[in-house]
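User: I am new to reading protein structures. Please take me through one feature by feature.

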Amino acid sequence: MMSLFNSIFSVGVVMSILSLMVFCLQRKHLLNSLLALEMMMLSIFLVVLASSANISSEGIMVFVMLTLAASEAALGLSLLVILIRSHGNDYVSSLSMHKC
């Protein structure tokens, strides 16, 4: 049981590091940034799930976090649709306030 906890915990940590790297390096398209944020949220979900496996009182925290991840994804998708309808693309550079 402890090896399963360690493997899930290590997968969550590696996923969070990789998603942070993707978020920092792939900043041209808004969709890439939103996917990296979603991957970060799912990796944090894995870490919380693995660490709360031994503690029985933290089970509700997993469901709260999963609900927040779903609402964050829905908000991100709606912002992406609004951006594409108004600007015609999903480039982060088109969000600049300094239009020439």
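User: Is Leu83 buried or exposed?

Analyst: Burial is judged by relative accessible area: buried is under 20%, exposed is over 50%, and partly exposed is in between (1.4 Å probe, protein chains only). Leu83 has a relative accessible area of 6%, so Leu83 is buried. Its place is in helix H3. One caution: this is a predicted model, where local features need pLDDT of at least 70, side-chain atom pairs count only at pLDDT 80 or more, and totals for chains, interfaces and linings use all residues. Residues are numbered from 1 along each chain as its sequence is written, and side-chain values use heavy atoms, with hydrogens and water left out.

User: Which residues is Leu83 in contact with, leaving aside neighbours within four places in sequence?

Analyst: Contact means heavy atoms within 4.5 Å. By that rule, Leu83 is in contact with Leu30, Gly88, Asn89, Asp90, Tyr91, Ser94 and Leu95, once neighbours within four places in sequence are left aside. Take Ser94, eleven residues from Leu83 along the chain. The C-alpha atoms of Leu83 and Ser94 are separated by 9.1 Å.

User: How many helices and strands does the chain have?

Analyst: Both are DSSP runs, numbered from the N terminus: helices are H or I with at least four residues, strands are E with at least two. Here there are three helices and zero strands. Along the sequence the pattern reads α-α-α.

User: Why does the span of helix H2 agree with its number of residues?

Analyst: The expected span is 1.5 Å times one less than the number of residues. Helix H2 covers residues 30-51, which is 22 residues, so it should span 32 Å. Its end C-alpha atoms are 32 Å apart, which agrees.

User: Which residues in H2 are buried?

Analyst: An α-helix has 3.6 residues a turn, so residues three or four places apart point the same way. The buried residues of H2 are Leu30, Ser33, Ala36, Glu38, Met40, Met41, Ser43, Phe45, Val48 and Ala50. Look at Ser43: its relative accessible area is 0%, so it is buried. Beyond residues up to four places away in sequence, Ser43 touches Gly12, Met15, Ser16 and Ser19.

User: And what does Glu38 touch, not counting residues up to four places away in sequence?

Analyst: Glu38 touches Ala69, Glu72 and Ala73 on that count. Glu38 has a relative accessible area of 18%, so it is buried. Ser19 is 19 residues from Glu38 along the chain, and their C-alpha atoms are separated by 8.6 Å.

User: Now the surface. Which residues form a nonpolar patch?

Analyst: Like charges are joined within 9 Å, and nonpolar side chains (Val, Leu, Ile, Met, Phe, Trp, Tyr) within 5 Å. Accessible areas come from the Shrake-Rupley method with a 1.4 Å probe; for residues, only the protein chains shown count as cover. Phe9, Val13, Val14, Ile17, Leu18, Met21 and Leu25 form the nonpolar patch, with about 630 Å² of accessible area together. Val13 sits in helix H1 (residues 2-25). At 32% relative accessibility, Val13 counts as partly exposed.

User: Where is Leu77?

Analyst: Leu77 is in helix H3 (residues 59-87). At 52% relative accessibility, Leu77 counts as exposed.

User: What about the chain as a whole?

Analyst: Buried residues make up 21% of its 100 residues. The chain exposes about 7100 Å², with carbon and sulfur atoms supplying 75% of it.

Note on methods
Patches are made of residues with over 30% relative accessible area and no salt bridge: like charges are joined within 9 Å, nonpolar side chains (Val, Leu, Ile, Met, Phe, Trp, Tyr) within 5 Å. A salt bridge is a side-chain nitrogen of Lys or Arg within 4 Å of a carboxyl oxygen of Asp or Glu.
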